[in-house]
Amino acid sequence: MGRTLAEKVWDEHVVRSTPPGTGEPDLLYIDLHLIHEVTSPQAFDGLRLAGRQVRRPDLTLATEDHNVPTLDWDRPIQDPVSRTQVETLRRNAEESGIRLHPLGDLDQGIVHIIGPQLGLTQPGMTIVCGDSHTSTHGAFGALAFGIGTSEVEHVLATQTLPQARPRTMAVTVTGELPEGVTAKDLVLTLIAHAGTGGGQGYVVEYRGSAIEALSMEARMTVCNMSIEWGAKAGLIAPDRTTFAYLKGRPEAPKGADWDAAVEHWTSLVTDDDAEYDAEIVLDASTMTPFVTWGTNPGHGVPLGGSVPDPDDFEEESDRVGARKALEYMGLEPGTPMREISVDTVFVGSCTNGRIEDLRAAAEIVKGRKVADGTRMLVVPGSARVRLQAEDEGLDVVFKEAGAEWRGAGCSMCLGMNPDQLAPQERSASTSNRNFEGRQGKGGRTHLVSVPVAAATAIRGTLSSPADLKAI
């Protein structure tokens with residue numbers, strides 16, 4: 001029987017396995033270990049207590065992203081907890097000989113943006129990080145997933161990781177996305193369709209004409225949110241789009257090594273006779289701009305829809321959850337989504353903080369002004385993205401529109417840095433999670449695409465670019 005893409009990558013990295021039925025996991029070799037300041041300190045402490053050293057510092061990369069400020073980033077960090085975490089990462093990296101990109105470094109940024117940006121993320125690799133959105137790297141045909149602190153320590157010590165072999169799922173998206181509908185809308189539609197637990201226990205392969213038509217940055221958006229519907233990882237088979245993105249990047253193979261790599265990468269496709277354990281099929285042509293109304297990424301409806309009535313849900317648990325979510329969000333059933341006003345618009349994160357995202361937002365706000373009473377934060381995902389945007393004049397476009405142009409980092413995606421919502425403040429966010437308090441205690445988050453975020457900043461209510469034609 002043929003094998004799926006995920007099975008091929010898995011099999012290439014098995015160091016040790018036991019016969020089926022023994023209940024023991026496989027031991028996988030890890031090609032790239034990414035670390036940041038939040039989940040790594042305890043792992044390094046564990047190494048010290050055990051008298052161990054980092055086995056492969058050359059296969060480990062560190063960056064500062066979660067806790068770092070996006071204003072005054074060239075000055076000492078004011079928050080004592082954030083400062084301690086960042087200083088601890090710097091000390092651990094120096095002691096272990098690990099490559100680190102700190103604040104002020106040209107390659108500093110969100111860990112899931114700088115891996116692909118440097119060309120370190122490549123097809124067929126196993127990539128782990130103490131961060132759930134490591135699935136982003138699956139856009140390149142890599143098997144990439146988040147791990148816990150004890151697992152971070154295991155990888156640091158051995159460059160391997162025990163893992164139970166997961167089931168496989170195909171998400172086949174046929175047709176073409178309509179104009180104005182993005183990869184973010186596609187994945188929010190999928191999550192609403194499958195539910196936040198629909199992918200639990202699976203490694204998912206995204207495929208079909210709509211997926212193949214996406215740019216690499218859009219593919220990263222889709223794979224980034226795999227974890228939001230419970231999947232362990234999400235992959236897309238490498239193709240010409242992948243190779244064109246990688247060629248010439250600093251850490252990508254060169255010369256004859258490039259030719260050999262592409263030859264191997266081309267084989268990383270699911271065999272025609274391979275079987276998945278499950279499959280979901282969606283039609284891209286039916287999709288529209290999508291927004292969330294509740295407190296998990298599965299609480300989503302088309303932008304043209306309304307806040308749902310909890311009584312309309314079939315399961316009692318869903319009805320209870322919806323009532324609780326609406327209470328937290330301060331919304332009434334039946335309210336048209338386009339009538340919901342927002343206080344803050346956030347463009348950034350490892351989901352939508354790349355150069356294509358910033359270009360799309362700038363195109364919409366150019367020549368317009370952010371609505372009175374609304375603030376717009378634009379946060380590049382890396383220092384290189386910021387510099388490229390400034391070279392293209394995008395920063396000027398944002399500032400002239402009244403938006404705030406920031407330094408690189410995770411920023412308002414999560415409330416671990418100064419960029420936070422105030423209690424009951426409402427945001428339209430291009431990030432990946434809308435959990436209670438995710439962007440600040442009591443903050444209310446609507447997940448949106450970049451075009452919807454930009455249009456919302458101009459109108460002050462949840463909007464699409466089509467809504468701006470009347471302005």
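Among contacts in the chain between residues at least 6 apart in sequence, 75% join residues at least 24 apart. This value, like those that follow, was computed from a predicted model.

With regard to secondary structure and overall dimensions, the chain contains 16 helices and 19 strands. Its radius of gyration is 22 Å, close to the 23 Å given by the globule rule for 471 residues, and the chain is therefore as compact as a globular protein of that length. Taken along the principal axes, the box filled by the C-alpha atoms is roughly 60 × 55 × 45 Å.

Strand pairing was examined for β2, which comprises residues 26-29 and pairs in the antiparallel sense both with strand β1 and with strand β8. The pairing of β2 with β1, formed by residues 14-16, extends over 2 bridges, and here V14 has L28 of β2 as its bridge partner. The pairing of β2 with β8, formed by residues 160-163, extends over 4 bridges, and in this case D26 stands opposite Q163 in β8.

Conventions: Residues are numbered from 1 along each chain as its sequence is written. This is a predicted model: local features need pLDDT of at least 70, side-chain atom pairs count only at pLDDT 80 or more; totals for chains, interfaces and linings use all residues. Side-chain values use heavy atoms; hydrogens and water are left out. Two strands pair if DSSP finds at least two bridges between them. The radius of gyration is taken over C-alpha atoms; the globule rule is 2.2 Å times the number of residues to the power 0.38. Contact means heavy atoms within 4.5 Å.
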